[in-house]
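Hi everyone, thanks for coming. Let's have a look at today's protein together.

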Amino acid sequence: MDDKTIERLSADIEDLKRAVRRNDPMLREVSSPPGWVTFSALAGLNISLFALPAHLLASRYGGFDAIPTPAKLALFAALALFVVGGGTLKIVLMSRRAVQVAGSDGFAKVLDSFFGGPMAHVTMPLTLGMVAGIAYAFYAGRPWLALPVSSFLFGVMANVIAGKGGLRPYYVIGYWGILLGLASLLFVERAPFLWLFVIYGGMFFAFSIAQAAEISAAKAAAGREAGD
């Protein structure tokens with residue numbers, strides 16, 4: 001083995017190390033577990049079942065407070081299904097995948113890779129900014145401003161996941177949240193429930209489609225390789 005071959009192998013190893021550092025395999029697996037496409041579509045549907053009827057009823061009765069109690073309870077039930085049911089399902093899917101990939105402490109490793117080390121200088125300020133922005137919106141008596149604030153910062157966070165985990169569908173969430181968060185900033189209070197549907201309902205539907213397209217492309221590529 002001559003010097004040039006050794007240098008080439010050394011360069012290849014360094015390229016591989018950079019790729020591993022750039023694309024976190026653990027984060028990639030846990031941020032896109034089996035069932036994620038269906039979960040995203042159901043999340044979008046849940047948000048739609050709350051936001052669209054709330055917009056129509058609030059427009060008809062002159063405000064959310066004027067909506068008849070039975071209809072209002074039905075809306076809160078749809079919202080609770082998304083927050084409680086969707087949140088629980090999300091944790092179950094991600095935790096199960098983390099255990100499959102890295103054992104019983106897999107989920108802790110994911111949290112550490114995302115909120116620990118150098119990444120903490122990105123993810124912690126974003127998290128604090130989101131909490132502070134939402135809290136200030138409520139404190140100022142303009143709670144619906146929390147929607148564009150959370151959308152924008154959630155979008156930036158999704159782009160971080162996309163870049164660190166090599167997950168291109170997360171860029172759909174990222175730029176959807178960033179662009180629509182900015183676009184809605186001046187208008188969200190005029191039709192807040194409609195903007196809720198557009199921002200978060202649309203975000204989850206678009207994410208589901210992007211994931212399905214990514215899976216389909218991967219299967220097609222695998223089929224071509226098998227055929228070769």
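So, to start: what does the accessible surface of the protein come to, and how much of it belongs to carbon and sulfur atoms? It comes to about 13200 Å², and 68% of that belongs to carbon and sulfur atoms. Those areas come from the Shrake-Rupley method with a 1.4 Å probe, and for residues only the protein chains shown count as cover.

Quick housekeeping: this is a predicted model, where local features need pLDDT of at least 70, side-chain atom pairs count only at pLDDT 80 or more, and totals for chains, interfaces and linings use all residues. Residues are numbered from 1 along each chain as its sequence is written, and side-chain values use heavy atoms, with hydrogens and water left out.

Okay, the fold: nine helices and zero strands. Here helices are DSSP runs of H or I with at least four residues, strands are runs of E with at least two, and both are numbered from the N terminus. Of the 228 residues, 36% count as buried, where buried means under 20% relative accessible area, exposed over 50%, and partly exposed in between.

Now the aromatics. Rings of Phe, Tyr and Trp (its six-membered ring) pair if their centres lie within 6.5 Å; planes under 30 degrees apart are stacked, over 60 edge-to-face, the rest tilted. That gives nine aromatic pairs. Take Trp 144 and Phe 193: centres 5.1 Å apart and planes at 75 degrees, so edge-to-face. Trp 144 sits in the loop between helix 6 and helix 7, while Phe 193 is in helix 9, 49 residues apart. Phe 193 is buried at 9%, but Trp 144 is partly exposed at 29%.

Conventions
Buried < 20%, exposed > 50% of the residue type's maximum accessible area, 1.4 Å probe, protein only.
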